[in-house]
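Let's take a walk through one protein model together. Keep the sequence and the 3D view open while you read.

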Amino acid sequence: MSRENRNKAKIEKERQVTELIDELYFNHFNFLKAGNIDETKYEFAVLGFKKDLENTDLTATDYRRAMQRLEKTIHAGNINNGWNLPLPAVPIAVRRHNQTRQQNWFLAAREAGELANSFQNFLEARSLDSLPEDDLLVCLVLASLFNSGIWQSKVLISFLRSVGEKPHFTAQLVMGEAVVLRDVLVDAVNIHTVGDDNGSYLVHRCFPDAFTLCVLRCLSTSKHKLSICKLLKNATEKAILKNITYFCKKYGFITFKKITTLKKLCSAGLVYAEKVSDISSAIYEAAAGNTMTAELPSSYWGEFVGDGAVQENLEILRENIENDFTKNSSKKSLHTSSVSIVQSLNQLRSAFVVKNTKKKLTSMAVIEALSQINTQYWCEALHCLHAWLLKMLHPTRGLKVSSVRRYFSEVTSEWVFHTESADLASLDENDFAQIYRTILEAVTNDQRRNYKARCLQELHDFGVKHYNWPVLTEELCHHTRSSQYVNAGYISNQLYMRILAAIANDQQLDASQKASIKLMVILAYRTGLRVGELVKLRLCDVEDSSVRTIFIVNNKIGNNKSISARRKLPLLYLLHPDEFKLFNNWCGERSALAIYVDEPLFPAKEITREPFNQQKLSRYVNSVMRSLCPHLNHTFHHFRHSCLSNFQFLVEREYEILSRLANLDVRQLTALSQKVIAHPSCAIERYWALAQFAGHACPSTSFRNYLHFNQWILSLKIATQTTSLSKELCKNILNYSSKKVTRRFIDNGSKVVFYSALNQHVTSLFPLNDIKQMPETIDNNSLGIGVRRTTNIMTTYKVLEQYQQDISIETLSIRFNWPTEKIQRWVDVARAIANLKTREGGLRMVKEKTERISGGLLLPATLADHEEEKYLEETVCNLRDRVKNDKGALKNIHWALLYYLRHSLITNTGIGFTERTAFCRFVDSFMPAIKPEYWRVISNGRTSNSILTDKNYAAIREAVDVFMSCTLYLRHPKEASLIAKDNGFEKYTSQILRFFMHMTAIRMLSVDDVSPNYSILSEAVSDT
């Protein structure tokens, strides 16, 4: 078939697949278009859709595409139409390597497995002392191969030679414990090598297990010790394989057919270890140094392993840290900078101006002009810029003046704007990367962006060489050379809790900023989100479901770092239960305060829609961490390092260790593994799933930068291989009698025993009990969990407003974090109030067709003036304080609400009174929260219009004057100024009274209170 015909066939097949998916979708989910949202029917439709897809001949890619389409449709409906339907589970896309394993490889792996089983049975039947020296050598090789994690022929030969030179292993102290390991130098030529006069070597760390150590102990006491050491020193791959082949033939083991080299035997031994000890090839390659990894510096281990004094200092060193976290655009350039900075840049710019038009400007002339500038009082950024220009103009560089001038014009203004007030020596690579990323994101042209990136890379390389700036971990553009340096770090759970407590105790931040920063720190630590992904989260990016899935997508606030960064994270499984409550409370408050659904989830200020500035947020959190741990160079990006390093224990199923490291329950970790990582059985799929969770294109990025516990996990896996040995094996290897073998447990009545010496070796590898726990002095309640900052009246209004938009009560309960029973009661009371009618039969409290007066069938008109909202909040707080101190005050407010419902009209913002007793009780019900002078009294005939002063009110109470029928209005907070502007106004009343009484009645009263006859109210009035 020709290429053209193949393309046509491919297009035709894709069309058929699309039509099939459309037909199945129409058959199962057409009821959604009609607005019939039944969750039970939807769940059965999803099951039927999956079943029909499985019965077709669709490939895995087409199946995933069909489920993705369904997921996008349901997600859009949940946001736009308020469906509140759970999203279907989309299969994780696992990218596999190209298939290179052939049939010979599988046959070689089978031969290695048979050899391992035969070798195990051989040792249980014979004593090592009875074997000749060649056989002892083969026993050491096979023990190292199948039990000690040495699955490379070069490493195995180097290990055997090191044993021949130094048979006895000296235990190394790691975190105060003796760990038996050996660093072996292996001939290699790659980036991880160490060099000397004899060549380059790769450092491979070997962790001999207890079984191999027992064989070595037996060899060290053998009478053939000297001859064995001589054989080990002269060991070669060919000779070792020859000895193994002869050993197998001598004792009737398997005959090799597909294993022809020691390299193939070692590779097959790794397959055996994957099956027996669940050691993935990925973790071995990373721990062995065959792939690029970033090991954790030793200074960080003491923070979470071993004993150590806990610092109780929660004071933050706030040097050059701003309280304003708003985002400033780089387009403002230097308009907000000081005059001295602008003058200094003008001096640098003038050096490139031609003084004599008849002569060509030379580099020496520019150097001379730059040298004459007085830089004594310049900031650090200008000093670096001045030195960089001189270096660029040096004759050894060979650059033209025009090129240096263009370099100067491209990067100067933006770079100085971002660094003029910063201490460059204290910035880490992530701070610099954020500065450069902000500068480059403002450039829309790709060609100019690449050129600007090369200029910034030149400047930063100069700073690295002359000012000890940190090396950038990633290239600024594809034309620049990438550095392999990684600033590895780890934040323990203990430090994480102290960071939250320090932020909560910071007196220079308001309550909204504290809550925002704490939640962003929580999400960064638990989910590994980048700081840029945190600040661009919107309210609509949080799913209204019990799982609270957040979607990391491109939006108007910012874009993802790459295409792979688009992902979704279910917070129910990722967060601690207390942290999940805190997040729900915050989402409820933000939903009540926000006007639009695309507002930032974490605004820089409570009354603004502007997101946090990434650099200012990172700088603040960095100052907090460095104040708590001044001996460590912690950065905000280390939260991501810590999360992904912890997740490595999750994919390796080391739940108990992770439970101590992350302070999460083992049951939650099991659910997290199943729901987030999908708990794949194949080892290679685990790290692809982890890379997808992290937003990486492939696992190599995760291993190279973020996974710091490779050797720890490998040592644990190797050590657990031989934690149990049979009694016969202990006798033959160690020549111990039956009485000397300590029996710890018997497994199902068999003869497997747990040897105490092996237990000591296993527990010496980073003891589990030495992992530091969260300090008891820090309580989750001190972090502000469960504290609401918004007025409940405004929240109720927002809930009912969205209920009128046909959003279900279940969705509102999740979105605003209120119980469904309470929201249902609000709806019932609001409907009862809306059904109240006047004597003429019209609606008393709401008017459906008059949107200006009422907010719909259930609600009054909202407050449009910020001063009124502020006054309402103060009034509510004062009334709450009064109710707490006076038990009878609540009864009076209850009466006032009922009176208002019976005597108010939708066309009037006031309330009418015909009796002195009712008037006085109504005013007294809200004192002293609403003082008498806040009221305005207008007689029904409008013969009088006056402010209710204390003197007038006292006269009315004492019945000095004849009480006339009147209407009571609440004055506007700015009434005096508004009347002064327009003398035609006689009064300027506020909408607060109608809004407050209506919404408070919805919250406090019941349907039975609103619906009964007027006789109850009349009796209450007469009793007073």
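What follows covers a sheet, a charged residue and a helix.

## Before we start

This is a predicted model, where local features need pLDDT of at least 70, side-chain atom pairs count only at pLDDT 80 or more, and totals for chains, interfaces and linings use all residues. Residues are numbered from 1 along each chain as its sequence is written, and side-chain values use heavy atoms, with hydrogens and water left out.

Helices (H or I, at least four residues) and strands (E, at least two) are DSSP runs, numbered from the N terminus.

Let's begin with an open sheet of 4 strands, in the order 10-13-11-12 and with antiparallel pairing. Two strands count as paired if DSSP finds at least two bridges between them. At the edges sit strand 10 (911-913) and strand 12 (945-947), each pairing on one side only. On average, neighbouring strands here are turned by 25 degrees against each other, direction ignored. For that angle, axes are lines fitted to C-alpha atoms (for helices over the stretch in contact), and angles run from 0 to 180 degrees between N-to-C directions.

## Zooming in on strand 13

Strand 13 (residues 966-970) runs antiparallel to strand 11 (residues 935-939), and 5 bridges join the two. R936, for instance, has Y969 as its bridge partner in strand 13. Strand 10 is also antiparallel to strand 13, with 3 bridges between them. Take a look at T967 in strand 13: G912 stands opposite it, and I938 stands opposite T967 too.

How many residues of strand 13 are buried? It's 5 of the 5, so the strand is largely enclosed by the rest of the structure. Buried means under 20% relative accessible area, while exposed is over 50% and partly exposed lies in between (1.4 Å probe, protein chains only). Both faces are covered, with C966, L968 and L970 on one side and T967 and Y969 on the other.

## An arginine without a salt bridge

Now find R882, which sits in helix 36 (residues 866-885). R882 is buried yet has no salt bridge, and D886, the nearest side chain of opposite charge, is 4.4 Å away. A salt bridge needs a side-chain nitrogen of Lys or Arg within 4 Å of a carboxyl oxygen of Asp or Glu. As for charge, Lys and Arg count as positive and Asp and Glu as negative, while His and the chain ends are not counted.

Leaving out residues up to four places away in sequence, R882 touches A889, D924, S925, F926, M927 and P928. Contact here means heavy atoms within 4.5 Å.

## A mostly covered helix

Last stop: helix 26 (residues 655-662), with 6 of its 8 residues buried. Those are Y655, I657, L658, S659, L661 and A662.
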